[in-house]
Amino acid sequence: MESSAAIELSTVQSQRAHGRRVLVAEDNRLTSELLKLMLNQRGHHVDTARDGQQALLLLRENDYDVAFLDYDLPRLSGSQVAATIRRESSGRKVPRMIAITADLKELLAQSEGAENLDQLLPLDIDDVETKEKQPTESLDERQEDTIVPLRPAMAAKLVSQEHRSAFENLGYNFLTWPGDIETGRLSARAMRASLGDPQFDGILVREPTSVEKLATLWKEPSLYTLPIIDLTGELGPVADFDGSQLAAIESGELDQMVCAYRNRRALLHRDILLSSELSDMLIGRTFVTGQPIVPHYDPGSTWSVSYNVALPVSAVVPNLETLSQTGLLRRDFFERFHTCPSCNSHRLHVREECAECKSSDLSEGQYIHHFACAYLGPEDDFRQGDSLVCPKCSQELTHFGFDYDRPGSMVTCNSCGHTSSEPSVGFVCLDCNSHVDGEGAATRDLFAYTLTNEGVAFAKHGRSAMGPGNQALRLADVPLELVVALNRSLSGYQQTQMPFVLAELSYLEESAIAQQEGPRAFAMARNLFVENLRARLGDQGLAVKAQSRDYVLFFGVTADAASAGIGTVLSQAQSTLRWPLGVVSQIFGPEAFA
């Protein structure tokens, strides 16, 4: 952090015309005199102290507007002086207390008690002399950069800056939040990452944010696969790595995590990596992290939980449930929650209440049974001072078990007077204040979700791993050339019943080749394969490259004929390749486009 000594505080400048009363507690005589001179020139009345004890005495005896306290004063430190004054204030006005220091690292090492200081002023004596000579107007314009907010968590803020510098100099290629990624905006670097550029290692969250804002990561392909490294220490399980402690950098855990994510991203099929469908992204995220998607108790959420993904629970749960039904995820029971019928919240206050008026103002007492006259009533009816006297026959009860017993308890509502042997149980929603009876509250079960073997195959091999019966035609990334040809073929089929077939091609060995030989090797083999197809097809068909898969349009061929013969065509097109691509096809006839 660069130091500056333009001492025009916001609080001082705003009332400069009237002058303020200021205390400067600084043991360095030159620094103290310079500060006093600068403040006097701006119309303020300044007292000085050379140690903490003297500063404390002056603060007790005088009403100061601002107190500059050297963080490392003799006898009492600046933070100790501030803590004592706040403790002794008893409603008395407390001045704005500003720590001044020329050694930020030393301040970091002694940050205990800094919560009692309002602000931090980094101070350099050479800078004081330079700034003091500048015109007042120039200093005023720069004053907002002079004072660093300190209370209530100075140490956390300063450590955050140290962490930021440390993480950004580790040699990784991190995107930043905010910076490269913000709500509704991506930098050019983040756009490259969203296209699957493998050079990026993670996302540094440098300022406090919310899950709702981080959901931006899921609005673009690929970004969701990068690990979230939290420098604020506030994201909890949403983050993949807590970088709020410097020791974490030295442990090597960050290296292990980044490498593990990078290796698993290399295995992730481009169908999933570049998909814009949330269900695909959740599969990809679970695969890349190597961890299940699990809920954690979260009192701040209306669901009472949050999941370890940067998405609202309401968005993630329905998709996870669908994926578990398709067999790609296995779910494991976590907790059962009662839900509010009005707003669907899980944050319900459970209470004992009156069965008649629903009031929770209840009192509990004992029944007494008098054996002689068989009267049964609440103990309060029998109580006369320290004695028990039957209200029916007026006989005093003296021996428990001989004159009387207590067969049970009773609950009395202090609002309506209703009595019963036990209270009812009800819920009050903490979000919408609705009431629901205990027996009438619906329940919702929440689960943790783990990739199944089928889910792993889907992550590695894309939709081809689902089998022909489970694949749907996806033309979102089809080039215009193929769209035009399909329209022409469909029109011919509708007019003359001329058949056509579209084969969608995907590559089972893409991840293996890219991992062993590099992505460029796979791209070259794929290009050669498509060229071989075009040469074999001639004018009998059209082979087209798309983003994550390729297509072949056969003219004048039925679906049955194409299914029988396409294996031979694909094998011949692969025969000249160095590496087998593991090409699989899905056949779609005219009916798929009706």
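Residues 1-17 keep a pLDDT under 50, and the model has 54 contacts beyond four places in sequence for them. Here pLDDT is the predictor's confidence in each residue, from 0 to 100, and contact means heavy atoms within 4.5 Å. Another such stretch joins the first in the table.

| Residues | pLDDT | Contacts beyond four places in sequence |
|---|---|---|
| 1-17 | under 50 | 54 contacts |
| 125-160 | under 50 | 74 contacts |

Across the protein chain the average pLDDT is 80, with 81% of the residues at 70 or more.

This is a predicted model, so local features need pLDDT of at least 70 and side-chain atom pairs count only at pLDDT 80 or more, while totals for chains, interfaces and linings use all residues. Numbering starts from 1 along each chain as its sequence is written, and side-chain values use heavy atoms, leaving out hydrogens and water.

On to the cores: a nonpolar core is a set of buried Ala, Val, Leu, Ile, Met, Phe, Trp, Tyr and Cys residues joined through side-chain atoms within 4.5 Å, buried being under 20% relative accessible area (1.4 Å probe, protein chains only). The largest has 61 residues, and Leu 175, Ile 181, Trp 218 and Tyr 307 touch the most other members. A second, separate core has 22 residues, including Val 501 and Phe 554.

Then there's an open sheet of four strands, ordered β29-β30-β28-β31 with antiparallel pairing. Strands are DSSP runs (E, at least two residues), numbered from the N terminus, and two of them pair if DSSP finds at least two bridges between them. β29 (541-545) and β31 (583-588) sit at the edges with a single partner strand each, so one side of each has no neighbour in the sheet.

Notes
Buried means under 20% relative accessible area, exposed over 50%, partly exposed in between (1.4 Å probe, protein chains only).
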